[in-house]
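Have your viewer ready, and try each task before you read its solution.

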Amino acid sequence: MYFKKHLWAILYTLMLIGFTTYILLNTFVIEDEYAKIEANMEDEYANLFAEYETLPGWNDGATTQQTTQATLQPKITLTEYRRNDTTIYVADVRIPSLAYLRCAFANDTYGKNITAKTSVMASTKNAMLAINGDYYGARDKGYVIRNGILYRDSAGTDREDLVIYKNGSFGIINESEVTAKELLDAGAMHVFSFGPALMDAGAIMVDENDEVGQSMSSNPRTAIAIIEEGHYLFIVSDGRTNESKGLSLYELATFCKELGAVCAYNLDGGGSSTMYYNGEVVNNPTTNGKTIKERSVSDIVYISY
């Protein structure tokens, strides 16, 4: 009798549970492959810079010269800092051309919930240096341009992006003010849509109360910054452990300014924050502070040979 009386309520509850479970699985678990990256795409990207003038930051502002990729190699210096009860790893990167600054998708596949560890992707690409990217695959909106190819042009509401242009410069844009196609036409090679911008034109863009969503104020962090064209900083901080508290966005921005950055951008952090250098993970990735373990992510930013 009770079952009959409440049949519709029971059915409705079961349907709601089923629908909610599907939404959660579809958002965070079910893989959806949109495009497979062809093997020759990386060569095509490199060919965009086959003949170029070396970027000014490559050799401490030395005079640019016409050359070919084969004659020059990136210079990377890794330094460990201690700020705000936190260990921070900074890779000072100098590259003669943006041909050496590349991105990769997990399993060479653009899609949803397709992930791999930063170290695995980096090793597959034979990268000198790599950090986790913006975890584009966890969102349905936000521009995705990688290695000069437009993959997603759906704008997020008031989303702040980092654009890395062919000439090696950085730019901060709002997706409500420019289309992905316009960015591509303007020479965008990579666009990241995690955020927020930490610095722009030498000024700090966040304050002490700014955060990413509902995350804690002190977290493992990943950022990329520019001092000048050809001279970049890859930054990863530890966090959520007794040894390293983690950084707020403001602390991260202040640290970038201390290092001489003029533009800096916050990439995916927390358990995603990972730096790979010379064949190994150099930081201590953790999601909960109890175990040191890499989180699988959708993409990386790396320096190639």
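Two strands pair if DSSP finds at least two bridges between them. Helices (H or I, at least four residues) and strands (E, at least two) are DSSP runs, numbered from the N terminus. This is a predicted model, in which local features need pLDDT of at least 70 and side-chain atom pairs count only at pLDDT 80 or more, while totals for chains, interfaces and linings use all residues. Residues are numbered from 1 along each chain as its sequence is written, and side-chain values use heavy atoms, with hydrogens and water left out.

**Exercise 1.** Find which strands pair with β9, and in which sense.

Solution. Start with β20 (residues 275-277): three bridges link this strand to β9, antiparallel. Here L129 has Y277 as its bridge partner. Next take β23 (residues 299-303), which is antiparallel to β9 and joined to it by four bridges. On that side, L129 is bridged to I303.

**Exercise 2.** Are the residues on the two faces of β9 buried or exposed?

Solution. Buried means under 20% relative accessible area, exposed over 50%, and partly exposed in between (1.4 Å probe, protein chains only). One face carries L129 and I131, the other A130 and N132, and all are buried.

**Exercise 3.** Examine the backbone at D108, N126 and P196.

Solution. First, D108, in the loop between β6 (101-105) and β7 (109-112), is not a glycine, yet its phi is positive, near 50°. D108 is partly exposed, at 26% relative accessible area. Second, N126, between α4 (118-124) and β9 (129-132), also is no glycine and has a positive phi of about 55°. N126 is exposed, at 52%. Finally, the G195 to P196 peptide bond is cis, with omega near 5°; P196 sits in the loop between β14 (188-192) and β15 (197-200).
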